[in-house]
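Start with the sequence and the model.

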Amino acid sequence: MEAIDVVIVGAGPAGLATSACLNRLSIPNIVLEREDCYASLWQKRAYDRLKLHLAKEYCQLPFMAFPSEAPTFVPRGGFIDYLHSYVSHFRINPRCSRSVESAYHDEETGKWHIRARNADLNVHEEYAARFLVVATGENSKGFIPEVSGLDSFGGEFIHSSKYEKGQKYGGKDVLVVGCGNSGMEIAYDLSNWGARTSIVARSPVHVLSTNIVYIGMRLLGFGVPCNIVDFIVVLLSKLKHGDISNYGFPRPSEGPFYIKQRVGRTPTIDVGTVEKIRRKEVQVFPSIRGIQGSRIEFANGEIKRFDAIIFATGYKSTVRHWLKGGQDLFDESGMPKLCFPNIWKGRNGLYCSGFARRGLFGISVDSQNIAKDIDLALKSQ
């Protein structure tokens, strides 16, 4: 069994940021990652045209800004390059291909015991740590909802994390389920590649532009109250897009930034999909009622045949698959019980980073808080 001060589970941006903050304080730590690379969601499970939806100053990790020449909205490749530089600069050395199978707190020793399988060597490894940081985040496993008759669908259906680009779907009828950022951007990409594209709007949504979101973020940064910021950005959205409910997207009664603060749901940032919908190049449907073969029936009674379905329906936490205990911090679904900003600390040296639903900015806050708290605990022992 290998003894270490801190074990971090997950080498996405949250795990990397936490390790960097600990390294700056010379606190020994080990990062365990189940995939064969760090930031696998970005390196292996993100579609080609993805960009950061917020301006770069709201997306940088602790103690390293983006290069001055980087565009305001950094593309996927640029963000991956930034992460490579970050890992190198802070001398982070994730142990990849380590799938954590269990972690529990030993009351007698006061340490966390972590058991992980090394997929490369096909052996189990055990660690003992005073502190355990869960950095697997809320985007750990792609979620496909139960849909009546989905098992009868004869075409391809995938989660959006498997989508790369729309070239192979050219000339096909493709349904995208979900009108969040991934769903709307994938629909746009599919249409550009010549797919006959439709999208399912399952719930009310705010549709903004990157510039409108940037204005809102700046106003909040200047201390403008959230309700006033919401009024301004919704007004700007109406001026830009008109009444989006005419296109099948009902607008929520609460403002976009209030919703983000309350439940962590991000407004949808339009990349050109709304214009395609306006020109009828992308069709909008309500929720799916059921599937029979290639025929999909929607809540409004319409039926249409499709060749492929892409589920942009979010992710689920996998924490409860391996973490024993920690009920003070995590609920049964593997998400934190507490609310931002006091979301990151549990009992017995248990922490979490990347669960605040505040994106990369929330990760930066969590990782710095965790490192400072661990440093204080070590100095006081």
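In this predicted model, the side chains of Glu-125 and Tyr-127 make a polar contact of 2.6 Å. Glu-125 also reaches Arg-98, side chain to side chain, at 3.0 Å. Glu-125 sits in strand S5, residues 123–134. Its relative accessibility is 17%, so Glu-125 counts as buried, the cut-off being under 20%. Beyond its sequence neighbours up to four places away, Glu-125 touches Arg-98, Ile-114, Arg-115, Ala-116 and Asn-118.

Strand S3 spans residues 98–106, and strand S4 spans residues 111–118. The two run antiparallel, joined by eight bridges. Ser-99 has Arg-117 as its bridge partner in S4. S3 and S4 form a hairpin with four residues between them. In the turn, Gly-110 has a positive phi of about 70°.

Glu-2 belongs to strand S1, residues 2–9. Is Glu-2 buried or partly exposed? Its relative accessible area is 31%, so Glu-2 is partly exposed. Leaving out neighbours within four places in sequence, Glu-2 is in contact with Ile-30, Arg-95, Glu-126, Tyr-127 and Ala-128. Glu-2 and Glu-126 are 124 residues apart along the chain, yet their C-alpha atoms are separated by 6.3 Å. The side chain of Glu-2 also makes a polar contact with that of Arg-95.

| Side chain | Partner side chain | Polar contact |
|---|---|---|
| Glu-125 | Tyr-127 | 2.6 Å |
| Glu-2 | Arg-95 | 2.8 Å |
| Glu-125 | Arg-98 | 3.0 Å |

Conventions. Residues are numbered from 1 along each chain as its sequence is written. This is a predicted model: local features need pLDDT of at least 70, side-chain atom pairs count only at pLDDT 80 or more; totals for chains, interfaces and linings use all residues. Side-chain values use heavy atoms; hydrogens and water are left out. Buried means under 20% relative accessible area, exposed over 50%, partly exposed in between (1.4 Å probe, protein chains only). Contact means heavy atoms within 4.5 Å. A polar contact is a pair of N or O atoms within 3.5 Å; within protein, one must be able to donate a hydrogen and the other to accept it, and residues adjacent in sequence count only if both atoms are side-chain atoms. Two strands pair if DSSP finds at least two bridges between them.
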